[in-house]
Amino acid sequence: MKSFGKFLLLLAFIGALILISWKLLDSSLFDTEEDPPALTSSQTLPSEAPKPVEPPTLSSDDVYSSTSADDSNIAPSPNLTCEAADEIVGQLYDLRIADKTEEDVAGFITNDDNIPDEQVDSFLNFAKSLWATPKDQLVARDAFIQQFMQQCRGIEQENQSAQ
């Protein structure tokens, strides 16, 4: 009976060693924390999350005055007049007749210094509609530009009367 007690004690000792080594192996290989780490006495949880600070809203003059550009001669681009747009539309018509791709025309529009940055999208949309029209259904260049000028002047008059 004495040897049986020693045998049970040996089994308990071996079981404890296996359990401890399994826990060490499990925590070192898989490293899964089931409970979050406890706070020490010097740490406290914040009662509320800090609210984000809203940046001040800037007027359009403040936005341009706060840039760091060295060139102070940059002026805002003027509105494009119908006469200036007339030349650009004529060039777009010529590019359409010459079977240029839409990518070529997009490059032309974005690189043309005569087109203000604010109106590049409008000209890109105009070019898309021009390229969507079959080439054989286009009217003559002079008639096309004349139609454009009539529409442009009508829009200019509406804008002037609205102001």
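**Entry 1: D104.** I began with D104, which counts as partly exposed because its relative accessibility is 43% (buried means under 20% relative accessible area, exposed over 50%, partly exposed in between, with a 1.4 Å probe and protein chains only). I found D104 in helix α4, where helices (H or I, at least four residues) and strands (E, at least two) are DSSP runs numbered from the N terminus. The side chain of D104 makes a polar contact with the side chain of T101 at 3.1 Å; such a contact is a pair of N or O atoms within 3.5 Å, and within protein one must be able to donate a hydrogen and the other to accept it, while residues adjacent in sequence count only if both atoms are side-chain atoms.

**Entry 2: Basis.** I noted that this is a predicted model, in which local features need pLDDT of at least 70 and side-chain atom pairs count only at pLDDT 80 or more, whereas totals for chains, interfaces and linings use all residues. Residues are numbered from 1 along each chain as its sequence is written, and side-chain values use heavy atoms, with hydrogens and water left out.

**Entry 3: The chain.** I looked up the secondary structure and found six helices and zero strands. Of the 163 residues in the chain, 16% are buried.

**Entry 4: α3 itself.** I checked the 16 residues of α3, which at 1.5 Å a residue should span 22 Å, and the end C-alpha atoms are 22 Å apart, which agrees (the expected span is 1.5 Å times one less than the number of residues). Among the buried residues of α3 are I88, V89, L92 and Y93, and the buried residues of this helix pack against α4 (102–111), α5 (120–132) and α6. Just after α3, D99 takes a positive phi of about 60°.

**Entry 5: α3 with α6.** I then read that the axes of α3 (residues 82–97) and α6 (residues 141–162) come within 10 Å and cross at roughly 145°; axes are lines fitted to C-alpha atoms, for helices over the stretch in contact, and angles run from 0 to 180 degrees between N-to-C directions. The contact (heavy atoms within 4.5 Å) includes E83, D86 and D94 of α3 and R141, R153 and E156 of α6.

**Entry 6: α3 with α5.** I found α3 and α5 packed at an angle of about 35°, with their axes 11 Å apart. Their contact includes I88, L92 and L95 of α3, together with F123, F126, L130 and W131 of α5.
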